[in-house]
Amino acid sequence: MTSDNPMTSGDMTSGNPRIVWFNGSLLAEDQVRISPFDHGWLVGDAVFETLTIVRGMPFAARRHLERLNRSAEPLGIAVPDTGTLREAMISVATANGLREGRLRITVSSGTGPLGSDRGTGPPTVTVAAGEQTPWPLTTAVATVDWTINERGPLAGLKTVSYGANVRALASAKAVGAGEAVLANTRGMLCEGTGSNVFLVHQGRLITPSLASGCLAGITRQLVMELTGATEQDVPIGMLASAGEAFLTSTTRDVQGIHAVDGHPMAPAPGPITIAAAQAFAELKAGNLDP
């Protein structure tokens with residue numbers, strides 16, 4: 001097996017510098033200057049959202065911006081109003097000539113001291129865009145020994161503190177998998193490093209509950225609405241014995257799982273996975289802000 005994590009292009013199709021939105025202005029990436037004292041850089045004190053660009057527009061913007069605020073509010077990070085961020089995303093997609101691709105909104109608490117205490121200045125806000133290579137139809141996953149702390153202060157928040165995710169994904173790639181899947185501290189199936197997990201259990205399509213500590217994925221939410229999937233917490237070991245399983249994320253949409261820890265799953269994608277993927281593709285084709 002080989003790793004299937006697609007890379008995004010850093011050059012765009014024209015080869016010109018990428019254009020980003022930085023604190024209210026459109027700038028070439030080499031003109032952006034983020035302070036070395038910014039707390040997003042120093043201590044990971046920042047939240048973010050990734051969206052796809054579909055036909056030149058951000059997909060599911062309302063849901064993503066609502067989640068951005070849900071992540072920022074408990075941390076006390078000020079987020080620009082949704083109208084400003086919508087305009088910023090469209091401007092960045094247009095400036096970079098992207099009809100299809102991905103967007104990234106990042107909001108940090110701004111500059112601060114060299115420690116965990118915050119400063120009193122305004123937040124730092126960036127909106128960037130890039131190309132997105134489609135994911136393969138299916139992927140292999142590997143479970144890892146590290147866990148998600150479902151009772152931690154960042155549980156369920158989409159912050160930039162992704163060091164643990166980076167290490168877990170590298171571990172999965174080292175054994176030929178495309179994604180790592182983690183349990184929570186109780187040994188229950190939780191999430192991937194950048195994805196939610198669905199599986200067919202006793203003939204029903206289920207996904208871990210938010211109480212498991214997993215992120216409230218936007219694609220997860222939409223797939224649940226489209227398919228009638230329900231939340232149910234199960235031990236992580238049940239993933240390998242599922243009838244079929246798939247991952248969801250903003251950039252993956254619905255991606256089948258064909259192996260867990262080297263053990264094949266068949267069929268992959270299975271009929272329930274195919275139906276979920278088709279329903280999501282139809283939604284995306286007809287409604288940019290569901």
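Which residues of α5 meet which residues of α6? In this predicted model, numbered from 1 along each chain as its sequence is written, local features need pLDDT of at least 70 and side-chain atom pairs count only at pLDDT 80 or more, while totals for chains, interfaces and linings use all residues. Side-chain values use heavy atoms, with hydrogens and water left out.

On the α5 side, the residues are Thr 219, Leu 222, Val 223, Leu 226 and Thr 227, and they meet Ala 276, Ala 279, Phe 280 and Leu 283 of α6; contact here means heavy atoms within 4.5 Å. By class, this contact has seven nonpolar, two polar and no charged residues. In that scheme, Ala, Val, Leu, Ile, Met, Phe, Trp, Tyr, Cys and Pro count as nonpolar, Asp, Glu, Lys and Arg as charged, and the others, Gly among them, as polar. Helices (H or I, at least four residues) and strands (E, at least two) are DSSP runs, numbered from the N terminus. The axes of α5 and helix α6 (residues 271-286) come within 10 Å and cross at roughly 105°. Such axes are lines fitted to C-alpha atoms, for helices over the stretch in contact, with angles running from 0 to 180 degrees between N-to-C directions. The two helices, α5 and α6, are therefore roughly perpendicular to each other, on a scale where angles under 35 degrees count as roughly parallel, over 145 as roughly antiparallel, 65 to 115 as roughly perpendicular and the rest as oblique.

Helix α5 (residues 218-227) has as its buried residues Ile 218, Thr 219, Arg 220, Leu 222, Val 223 and Met 224. Buried means under 20% relative accessible area, exposed over 50%, and partly exposed in between (1.4 Å probe, protein chains only). Just after α5, Gly 228 takes a positive phi of about 80°.

The axes of helix α2 (residues 61-75) and helix α3 (residues 82-95) come within 11 Å and cross at roughly 125°, which makes α2 oblique to α3. From α2, Ala 61, Arg 62, Leu 65, Leu 68 and Asn 69 make the contact, and from α3, Thr 82, Leu 85, Arg 86 and Met 89. These residues divide into five nonpolar, two polar and two charged.

Charged pairs come next. Side chains of opposite charge can pair when their charged atoms come close. Across the whole structure, a search finds ten salt bridges, each a side-chain nitrogen of Lys or Arg within 4 Å of a carboxyl oxygen of Asp or Glu. Arg 220 counts as buried at 4% relative accessibility, whereas Glu 231 counts as partly exposed at 40%.

Arg 252 and Glu 179 also meet in a salt bridge through their side chains (3.6 Å, N to O). Arg 252 lies in the loop between β13 (245-249) and β14 (253-260) and Glu 179 in strand β8 (residues 179-184), so the pair ties together parts that are 73 residues apart in sequence. Arg 252 is buried at 8% relative accessibility, and Glu 179 is buried with a relative accessible area of 0%.

Strand β7 (residues 138-148) includes Ile 148, a residue that counts as buried at 18% relative accessibility. Leaving aside neighbours within four places in sequence, Ile 148 is in contact with Leu 182, Ala 183, Asn 184, Thr 185, Cys 190, Glu 191 and Gly 213.

Some backbone details deserve a look too. Most residues other than glycine have a negative phi, and most peptide bonds are trans. Asn 23, in the loop between β1 and β2, has a positive phi of about 50° although it is not a glycine. Arg 55, in the loop between β3 (46-54) and β4 (57-58), likewise is not a glycine and has a positive phi of about 55°. Cis peptide bonds join Ala 266 to Pro 267, with omega about -5°, and Ala 268 to Pro 269, with omega about 0°. Pro 267 lies in the loop between β15 (263-264) and α6, and Pro 269 is found in the loop between β15 and α6.
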